Amino acid sequence: MSSIAFIGLGNMGAPMALNLLKAGHAVTVFDLVPAAVKTLTDAGARAAASADAAVAGVEVVITMLPASRHVEGLYLEHDLLGKIATGTLVIDCSTIAPDAARKVAAAAEARGIPMIDAPVSGGTGGAAAGTLTFIVGGPEQALARARPVLENMGKNIFHAGAAGAGQVAKICNNMLLGILMAGTSEALALGVANDLDPKVLSDIIAKSSGRNWATELYNPWPGVMEHAPASKGYAGGFGVDLMLKDLGLAAEAALDSRASIPLGELARNLYALHSKGGSGRLDFSSIVNLYADDASR
Ligand code: NAD
């Protein structure tokens, strides 16, 4: 078992840290929001007064933060790397720009700190169940050290390549997710506008050629799936603004590589409109409300 510092206890970080506790690791936690810390200390974690205090004397540091600016801000501007002992393994699970991941990993390597980018897929349900997919970029030896810890939080671990490659793969996945959630919403709204029951239509699609992750696990229509964010007022889950961030990262990657992503760009604009309408903090499946005003009634 390892001593682990876990920083960033939001919708994803909290259930991931809980699984590390359940597996018997000694977990020290820190988040800027005190209520997030309390959930973990109630379950047996040790609270640190700051990120610097959290990383003191641990073998592994894990971060699960919203975006590039938070990761660069913490590790580089705040210089958390300067407080981490040489040889400590650092795992950043946030979804951020590949360039930001490479920059932080290079700074870590220069200090003798092995680091991997390990963004995840599987949503809050996967985080709670310990069935996440980890998509890793970085040196093979660092991944070998991380593997036993990642296995306590996830089921599938992929090595995408060198530093930043995990982020590239994750961004491609999330661009597709954004498109398919918008497409699923569009199809369900069309069916309902033509007098179909959304549950019946969802059951049909789930067993037909249009099936996808949304129709199987994360239906955007309220009441169709009891445990989906759609049936809980779109609370928790994966925020619209986080999806918008990921689609922005896809657009940047496309510009850099001269790739064409017409559907990704369209999806980015749909989520931008939805966010502008005041839904930025709701789960991203609330995009269905762009198509059907009455979906949440
Ligand atoms: P969240 O906003 O719920 O949680 C982020 C947490 O980080 C918050 O509790 C915040 O207080 C904390 N934080 C920010 N800056 C900090 C700092 N300097 N020190 C300590 N704590 C700090 O976000 P989330 O939904 O948990 O997502 C986290 C990351 O995982 C994002 O990059 C997101 O894109 C990615 N992701 C999310 C999901 C999902 O379903 N929610 C799925 C896969 C990947």
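Predicted model: local features only at pLDDT ≥ 70, side-chain atom pairs only at ≥ 80, totals over all residues.
In helix H5, the buried residues are Pro98, Ala100, Ala101, Val104, Ala105 and Ala108. Viewed along the axis of H5, these buried residues fall within an arc of 160°, so they line one face of the helix. Asp99 and Ala110 lie on the other side of H5 and are exposed. The cover over the buried residues of H5 includes helix H4 (68–77), strand E6 (115–117) and helix H8 (165–193). H5 runs over residues 98–110, and at 1.5 Å a residue its 13 residues should span 18 Å; the end C-alpha atoms are 18 Å apart, which agrees. After H5 comes glycine 112, with a positive phi near 75°.

Helix H8, one of the elements that cover the buried residues of H5, also holds lysine 170. Is lysine 170 buried or exposed? With a relative accessible area of 5%, lysine 170 falls under the 20% cut-off and is therefore buried. Once its neighbours within four places in sequence are left aside, the residues in contact with lysine 170 are Thr95, Pro119, Val120, Ser121 and Ile135. For valine 120 there is a further detail, as its backbone oxygen lies 2.7 Å from a polar atom of the lysine 170 side chain.

Turning to the chain as a whole, the domain assignment gives domain 1 (3–162) and domain 2 (168–290). Taken over C-alpha atoms, the centres of domain 1 and domain 2 are separated by 27 Å. Domain 1 contributes 15 residues to the contact, and domain 2 contributes 13 residues. The unreviewed UniProt entry places the feature "domain: 3-hydroxyisobutyrate dehydrogenase-like NAD-binding" at residues 164–291. Over residues 164–291, the chain is 65% helix and 0% strand, with 35 Å between the end C-alpha atoms.

One residue of this stretch can be looked at in more detail. Serine 279 lies in helix H12, which covers residues 262–279. The relative accessible area of serine 279 is 12%, which is under 20%, so this residue counts as buried. Apart from neighbours within four places in sequence, serine 279 is in contact with Val240 and His274.

A further site of interest is asparagine 152, found in the loop between helix H7 (140–151) and strand E9 (154–161). Its relative accessible area of 26% makes asparagine 152 partly exposed, because that value lies between the 20% and 50% cut-offs. Which residues does asparagine 152 contact when its neighbours within four places in sequence are left aside? They are Asn19, Leu20, Ala23 and His25. With histidine 25, the side chain of asparagine 152 makes a polar contact of 2.7 Å. These two residues are 127 residues apart in sequence, while their C-alpha atoms are 9.7 Å apart in space.

How values were computed. Residues numbered from 1 in each chain as written. Heavy atoms only, no water. Helix = DSSP H or I, 4+ residues; strand = E, 2+ residues; numbered from the N terminus. Expected span 1.5 Å × (residues − 1). Buried < 20%, exposed > 50% of the residue type's maximum accessible area, 1.4 Å probe, protein only. Arc of directions from axis to C-beta. Contact = heavy atoms within 4.5 Å. Polar contact = N/O pair within 3.5 Å; in protein donor to acceptor, adjacent residues only side chain to side chain. Domains from an automatic or database assignment. UniProt positions renumbered as here; feature names shortened; annotations may be inferred.
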